[in-house]
Amino acid sequence: MCAITAAARGRKVLVLERANKVGKKILMSGGGRCNFTNLHITPDRFISANPHFCKSALSRFTQWDFIDRVEKHGVEYFEKETVNGLSGQLFCRESSKLIVAMLMDECLKAGVEIRLNCEIVNLVHREGCWSIGAGGETSTQPGRATGDGFRLTTNQGVFTSAALVVAAGGLSVPSLGGSAIGYELAERFGLRTLPTRAGLVPFTLTDTMKDVCGRLSGISTEVQLATSSQGFREDLLFTHRGLSGPAALQLSSYWSPGEHIHANLLPDQQVPELLLEWKQQNPKTLLRTQLDRLLPRKLVRELENLYWPDLAETSLAEWPNARLESASRQLQAWPIKPAGTEGYRTAEVTLGGIDTRELSSKTMESAISGLFFIGEILDVTGHLGGFNFQWAWSSGFVAGQSV
Ligand SMILES: Cc1cc2nc3c(=O)[nH]c(=O)nc-3n(C[C@H](O)[C@H](O)[C@H](O)COP(=O)(O)OP(=O)(O)OC[C@H]3O[C@@H](n4cnc5c(N)ncnc54)[C@H](O)[C@@H]3O)c2cc1C
């Protein structure tokens, strides 16, 4: 997006891409259909130490601007439906390939040159020098000053430029291009970075809960999943390793190691009142018979084994009210302590990154004149649902207008 915008302004643009093809994450995203934006983009759907930073770029290149391009290129799309209605999430009807094709087409028309399989070996600028040693480690080496510009040595030759835009993404999914190069480069130039961690990532569990999840693997149910500070009402998916699905992915971006999470398995119900009502109106039935009408049967069996095995065959009339109350707490705030997350191997995004205080929110330019950073590499992380691509488009656009 940055290359297209800059080239359309008459700038000579060269994109250096390490991978053997462009847009690998776009291709893999949204199950191959790329959730390219969301109809409800608002700054509060982004996590950052400075929540105001994203506002300018998001308002100057909005979801409607991207949708406009998608429509101009004849890419058909649809809004994902959820149990609660429409989600605002827009997906390609056919394939993610059409988004890459659209961007490539615009690059071609604007005259952008793209080099694939391009490894950056060394970067020299009067403010700093960065290079990759034979083992891949970074080191400072004496470099030749290049006036105000940048001199990049790559496996495909040496390139000089007045400006350099770093759009190397975060650490997530190394097989799709995730790398630390952008953070290292920023640090080498004396720019501050904030600690990174995996976001939008499944939780892992150990011991009893891992066994429970394993037995429930493949089952999904709508919950309100929360930490002490944040909650999401979405589907929760049990897997052999732990918890996934939109509810777990969203919450993972707010979770701190060691913290408990709580699942409200019946978010539409006043559970204490409901259980008492069942006791009064259906005194001869078992709790599981009633719960089976509202929750997956296998899940009900697991809860029964965990929390009320002694009352499993006891009709509701015989249940002490205190036990009904504790069952309602377990159903409304099922406490789960994740052991961790699956980490960068499967995380959709990297939280943290380049401190936004180092950049202009209007242009994405850093204090080093001509050095820009855009996209996921910044400490701006969207919720699940097309927000991260929109941040990539918006930040890329504003940098492209100024570079
Ligand atoms: C599996 C998966 C699914 C996703 N699905 C969605 C979704 O549906 N909707 C959504 O909004 N977001 C989604 N995301 C998040 C989204 O893909 C990213 O936030 C977005 O791609 C970030 O864009 P970017 O340009 O900053 O970085 P990237 O898209 O990661 O691009 C960085 C590029 O830099 C290249 N690079 C890295 N190191 C070097 C180097 N040393 N030299 C040269 N090039 C280098 C990489 O090869 C890559 O092409 C998904 C992420 C993953 C992993």
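Leu200 is found in the loop between β13 (193–199) and β14 (203–204). Helices (H or I, at least four residues) and strands (E, at least two) are DSSP runs, numbered from the N terminus. The structure is a predicted model, in which local features need pLDDT of at least 70 and side-chain atom pairs count only at pLDDT 80 or more, while totals for chains, interfaces and linings use all residues. Residue numbers run from 1 along each chain as its sequence is written.

## Exercise 1: The domains

Task: State how the protein chain is divided into domains and how many residues each domain gives to the contact.

Solution. 
1. Domain bounds come from an automatic or database domain assignment. Domain 1 covers 2–197 + 343–402, and domain 2 covers 203–341.
2. The centres of the two domains, taken over C-alpha atoms, are 39 Å apart.
3. Domain 1 brings 8 residues to the contact and domain 2 brings 6 residues. Two residues are in contact if their C-beta atoms, placed from the backbone, lie within 7 Å.
4. On the side of domain 1 that touches domain 2 there are 4 nonpolar, 3 polar and 1 charged residues. Here Ala, Val, Leu, Ile, Met, Phe, Trp, Tyr, Cys and Pro count as nonpolar, Asp, Glu, Lys and Arg as charged, and the others, Gly among them, as polar.

## Exercise 2: Helix α2 and the ligand

Task: Identify the buried residues of α2 and the element that gives the largest share of the shell around the ligand.

Solution. 
1. Lys25, Ile26, Ser29 and Gly30 of α2 are buried. They lie on the same side of α2 because they cover an arc of only 95° around the axis, the arc being that of the directions from the helix axis to the C-beta atoms.
2. These buried residues pack against β2 (35–38), β5 (85–92) and α5 (97–110).
3. The ligand has 31 residues around it, and Ser29, Gly169, Gly177, Gly375 and Asn388 come nearest. A residue is near a molecule or strand if its C-beta atom, placed from the backbone, lies within 6 Å of it.
4. With 5 residues, α2 supplies the largest share of this shell.

## Exercise 3: The nonpolar core

Task: Find how many residues the largest nonpolar core has and which helix gives the most to this core.

Solution. 
1. A nonpolar core is a set of buried Ala, Val, Leu, Ile, Met, Phe, Trp, Tyr and Cys residues joined through C-beta atoms within 7 Å.
2. The largest such core has 101 residues, and Ile99 is one of those with the most contacts inside it.
3. The greatest contribution to this core, 8 residues, comes from α13. At least three residues of the core come from each of domain 1 and domain 2.
4. Beyond its neighbours within four places in sequence, Ile99 is in contact with Ile26, Cys34, Phe36, Val75 and Cys92.

Definitions and conventions
A residue is buried if 20 or more other C-beta atoms lie within 10 Å of its own, exposed if 12 or fewer, and partly exposed in between; C-beta atoms are placed from the backbone.
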